[in-house]
Amino acid sequence: MSWVQTAYLIAEIVTIPLTGVLMRMLSMRTLVIVAISLFMLASLGCALSTGFGMLVSFRVMQGMAAGVLMPLAFSAVFLLFRPGTEQAVATVAGGLVAVLAPSMGPIMGGLITENLSWHWLFLINILPGLVTVGLGLVCLPRQPMQLGLLRHLDLTSVLFIAVALGSLEIGLKQAPDLGWFSPLTLALFAAFAVLLTLTVRRPNPAVDFSLFRDRYLAYGCALSFVLGIGLYGSVYLLPVFLSLVRYMGPVEIGMVVLVTGLAQLISAPVSVLLDRLAPARVLTFVGFAAFAAGMFMSGFETRLSGYDEMFWPQVVRGVALGFCIVPVTRFALGFLPLERVSDASGLYNLSRALGGVIGIALIDTVLFTRTAEHADRLKDLMLADPTAAAAALAISVEELPDTEDPMGLMGVMDTLQEAAVTLAVNEAWLLMGGLTCLGLLLVWRLGPIREPKPGIPMGQQAEF
């Protein structure tokens, strides 16, 4: 099951930075149609799979198709919508989908698996895919394809970047289990570093890393990376707690985590309005500060914490997300020439995806290493300070086992394990909150953001 997920993520991360060159070759309209059609075919293949190898192969195809769609969406914000309110609304809409999708996933997945079969987890993609292809054919502008660019494509750099990102993804997946300094993990990280360096040093690599010379894009990608750590980390960590400690099923988990998406949905109009009235730097600072605060608020749970205790931290994070996404996207991509937006969008989205992968790896490391340590400490605390132990376990002192009874500990083993996992989860929340605070440092280092010249579209502003 782990590799069914990992195969998709590796393929997705590999194709994200290639979106720019693919869009120049095929045009936005054709690439959207091809990517969604490929995703539908891969979904059908997954549903019809008769073995593990076949399922993983189609998951790779799914990931390759999905990898270009998010950069395409952000590119469309600047290529299809007029500067100002239209672009702000389009950015918020994209952000809403990005948050609502993982929030709705557990509910939909639970309902499907409980009432139908796992095959429908993939078949459900077909109808929306057909609708989207139809909308793409009707709504997206026709542009000529430039297939001749394929002759000038540096295929060596494509291979290097694919293997590099794949090595990084697998290394991060294995690090929490094997150790961050195990020979295999270090070898995979070294392969990533070497191949990425070779890619950057190529004369004309398929991925244009020279775009990072634009300081707004560079800082925007750094902020996107930090946001990815917190965003994907929080979306991953909350269901882990609800599953391992509160023993909730997919539908129950979905009802809890939906709060974040709904909070962002409700606050979206405010994000759009303030983006027009307040400086982007101020909004970004407030957004990252509030998002970090929302994670710090979740860092003091007990094993009995449920919907009520998790409600306000999720509301704070959901409201903050709009301010983390809208202004950052605007200044990261908005000052670039229009012909470079698609390449920059690939780097921008790759940064967030890599942040998410690293965030999840850090969370797994905390859970794997600290849970056992907390369990041992709680067992010692039961002997040394029963009152403190009872408080940590969220039970009364009378419910603690008799220290003279060697078998008494067995009666509270489940409670002890739940409390140990909860303490590790709390540490992971605090770690995510601390890392998100790096965004505040980046905003401070960025300095004042130049306002666009009046009357000139954002994409046609002078390049830095």
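Author: Let us begin with accessibility: a residue is buried under 20% relative accessible area, exposed over 50%, and partly exposed in between, with a 1.4 Å probe and protein chains only as cover. E427 is partly exposed, because its relative accessible area is 25%. This is a predicted model, in which local features need pLDDT of at least 70 and side-chain atom pairs count only at pLDDT 80 or more, while totals for chains, interfaces and linings use all residues. Residues are numbered from 1 along each chain as its sequence is written, and side-chain values use heavy atoms, with hydrogens and water left out.

Reader: What does E427 form with R370?

Author: The term is salt bridge, meaning a side-chain nitrogen of Lys or Arg within 4 Å of a carboxyl oxygen of Asp or Glu. R370 and E427 form one, their closest N and O atoms being 2.8 Å apart. This pair links distant parts of the chain, 57 residues apart, with R370 in helix α15 and E427 in helix α17 (residues 413-436). Helices here are DSSP runs of H or I with at least four residues, numbered from the N terminus, and strands are runs of E with at least two.

Reader: Which residues are joined with R370 into one network?

Author: Salt bridges that share partners join R370, E373 and E427. The side chains of E373 and R370 meet at 2.4 Å, N to O. These two are separated by about one helical turn, because they are three residues apart in helix α15. E373 is partly exposed, since its relative accessible area is 42%; R370, at 29%, also counts as partly exposed.

Reader: How many salt bridges does a search of the whole structure find?

Author: The search finds eight. Another of them joins the side chains of R82 and E86, at 2.7 Å from N to O. R82 counts as exposed because its relative accessibility is 59%, whereas E86, with 31%, is partly exposed.

Reader: How many disulfides are found in the whole structure?

Author: A disulfide is a covalent bond between the sulfur atoms of two cysteines. The cut-off used here is a pair of cysteine sulfur atoms within 2.5 Å. A search of the whole structure finds zero. Consider C324: its sulfur is 11 Å from the closest cysteine sulfur, in C437, and is therefore too far for a bond. C324 is buried, with a relative accessible area of 1%.

Reader: Which residues touch the most other members of the largest nonpolar core?

Author: A nonpolar core is a set of buried Ala, Val, Leu, Ile, Met, Phe, Trp, Tyr and Cys residues joined through side-chain atoms within 4.5 Å. The largest one has 95 residues, of which L165, L242, F288, F331 and L333 touch the most other members. Helix α11 (residues 215-244) gives the most to this core, with 14 residues. A second, separate core has twelve residues, including A375, A390, L400 and A420.

Reader: Which residues does Q314 touch, not counting residues up to four places away in sequence?

Author: Contact means heavy atoms within 4.5 Å. By that rule, and with those sequence neighbours not counted, Q314 touches L238, V256, V257, V259, T260 and A263. Q314 is found in helix α14 (residues 307-333) and counts as buried, because its relative accessibility is 1%.
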